[in-house]
Amino acid sequence: MDKLIFDAGPLITACRFSAHNQPVIDHILKCCQVAVAASVRDEVIIAGARYPDARIAQQRIEQNRIVVLSPPENPDLETLIAVYDLGDGERDTILLAEQANWQDAVLVIDDHLAYLVSDRVGKQKRFLLDVLVDLVEARKMDKKLAAEIVKAIRTRYPPTFVEHTLLVLES
């Protein structure tokens with residue numbers, strides 16, 4: 001898991017919460033390349049301009065630590081996805097996995113419908129909580145740090161998801 005394509009929800013979460021006095025996104029950027037669709041950038045930065053997480057996302061984009069890409073044309077996949085009436089960000093996040101050099105990327109999607117659509121069209125996807133577990137298993141992130149991050153972002157997820165993730169990290 002070297003490349004991650006973030007949807008808006010997980011990007012906001014990763015920029016809003018901190019562990020070890022750093023935004024969660026910075027811990028992820030230490031071990032992974034991160035890309036977002038232009039529509040996700042707009043959703044997070046423009047629509048959320050009054051929030052600190054929007055400023056953090058904007059800074060990481062301006063520093064080229066988060067890459068902003070436009071999804072390539074893929075009429076067949078676009079037609080399949082269109083029937084689900086996803087938001088622009090969710091649709092473009094899935095389509096971005098068709099971008100050259102990002103086809104092996106893992107989509108970081110917490111939206112339930114977009115997660116299911118990603119599965120139906122054969123894209124690798126994970127919840128942000130599961131990305132943290134994967135990074136620990138790949139020895140790219142310390143287990144204690146991952147647990148701290150999970151505890152920091154716990155308000156964004158159902159309690160059972162958080163408990164499950166913490167149990168996996170403790171094993």
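Let me start with Cys32: at 7% relative accessibility, Cys32 counts as buried. Buried here means under 20% relative accessible area, exposed is over 50%, and partly exposed lies in between, with a 1.4 Å probe and protein chains only.

A word on the source. This is a predicted model, where local features need pLDDT of at least 70, side-chain atom pairs count only at pLDDT 80 or more, and totals for chains, interfaces and linings use all residues. Residues are numbered from 1 along each chain as its sequence is written, and side-chain values use heavy atoms, with hydrogens and water left out.

For Cys32, the nearest cysteine sulfur belongs to Cys31, 4.2 Å away. For Cys15, the nearest is that of Cys32, at 14 Å. Cys15 also counts as buried, at 2% relative accessibility.

Now the whole chain. The protein chain has ten helices and seven strands. These are DSSP runs, numbered from the N terminus: helices are H or I with at least four residues, strands are E with at least two. The radius of gyration is 15 Å, close to the 16 Å that the globule rule gives for 171 residues, so the chain is as compact as a globular protein of that length. That radius is taken over C-alpha atoms, and the rule is 2.2 Å times the number of residues to the power 0.38. Along the principal axes, the C-alpha atoms fill a box of roughly 45 × 35 × 30 Å.

Of the 171 residues, 51% are buried. Take contacts between residues at least 6 apart in sequence: 65% of them join residues at least 24 apart. Contact means heavy atoms within 4.5 Å.

Last, a lysine. Lys123 sits in the loop between helix H7 (112-120) and strand E7 (125-126). Is Lys123 buried or exposed? Buried, at 14% relative accessibility. Leave out residues up to four places away in sequence, and Lys123 touches Leu77, Ile94, Ala97, Glu98, Leu107 and Ser118.

Notes
Disulfide = S-S within 2.5 Å.
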